[in-house]
Amino acid sequence: MAISDKFAPWFLGNEYILTGKIIYLEAPIILLIAWSNVTGLQYLMPTHKEHEYTISVTAGAIVNIIANLVLISLWKANGAAIATVISEAIVLLIQLNFIKNELDLKEMFSSSWKYFLSGLVMYIAIDTLNSILVMNFLTLIVEAVIGIIIYVFLIYILKAPIIITALNILKNRESMGEN
């Protein structure tokens with residue numbers, strides 16, 4: 001999101017300058033699809049809740065068609081991007097509703113703020129850097145590396161669960177290597 005406005009025309013050409021906004025608008029879909037894959041494909045399907053999974057995906061498709069009809073006429077490609085994000089959010093919300101009595105959603109999302117805060121700080125830093133620098137291959141690499149460093153540093157400082165899990169895996173590997 002932070003580099004989309006300069007990345008699109010640099011990578012695709014100046015005739016694709018408007019693509020940067022579409023990339024920006026559609027970027028949240030990465031999280032929504034990741035979460036719905038966990039709730040749908042990794043929970044509902046293995047627990048034989050194919051019906052619930054199908055309802056969520058069908059509802060998402062219906063919402064996508066309706067939202068596209070409305071939003072594309074208003075905002076063209078940007079409307080399509082927004083419609084896609086809305087429909088994926090619907091899929092996730094329906095799946096969360098189906099699993100809310102079986103899993104502790106509060107616990108499941110209790111550390112999410114750590115990742116969002118880390119991502120927000122990274123976004124602000126890279127967006128600021130992107131506004132100063134001219135987009136080229138070196139700039140892209142520098143922004144990516146700085147973004148990774150900021151994000152990993154912050155989730156480490158905030159003791160996000162993924163860091164604790166990674167450290168435990170490393171400790172287990174070290175102890176297995178010593179035996």
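H48 is exposed, because its relative accessibility comes to 65%; exposed here means over 50% relative accessible area, buried means under 20%, and partly exposed is what falls in between, using a 1.4 Å probe and protein chains only. H48 sits in the loop between helix 3 and helix 4, where helices (H or I, at least four residues) and strands (E, at least two) are DSSP runs numbered from the N terminus. There is something to look at in its backbone, too: H48 has a positive phi of about 60 degrees, though it isn't a glycine.

Before going on, bear in mind that this is a predicted model, in which local features need pLDDT of at least 70 and side-chain atom pairs count only at pLDDT 80 or more, while totals for chains, interfaces and linings use all residues. Residues are numbered from 1 along each chain as its sequence is written, and side-chain values use heavy atoms, with hydrogens and water left out.

K76 is found in helix 4, and with a relative accessible area of 58% it is exposed.

A search of the whole structure turns up one, counting a side-chain nitrogen of Lys or Arg within 4 Å of a carboxyl oxygen of Asp or Glu. The partners are E102 and K49, at 3.7 Å from N to O. K49 is in the loop between helix 3 and helix 4 and E102 in the loop between helix 4 and helix 5 (105-108), so the pair ties together parts 53 residues apart in sequence. K49 counts as buried at 19% relative accessibility, whereas E102 is partly exposed at 39%.

Now for the inside. In soluble globular proteins, nonpolar side chains tend to be buried together.

Finally, look at N64 in helix 4. N64 counts as buried, at 19% relative accessibility. Leaving out neighbours within four places in sequence, N64 is in contact with A83, T84 and S87.

Technical notes: Contact = heavy atoms within 4.5 Å.
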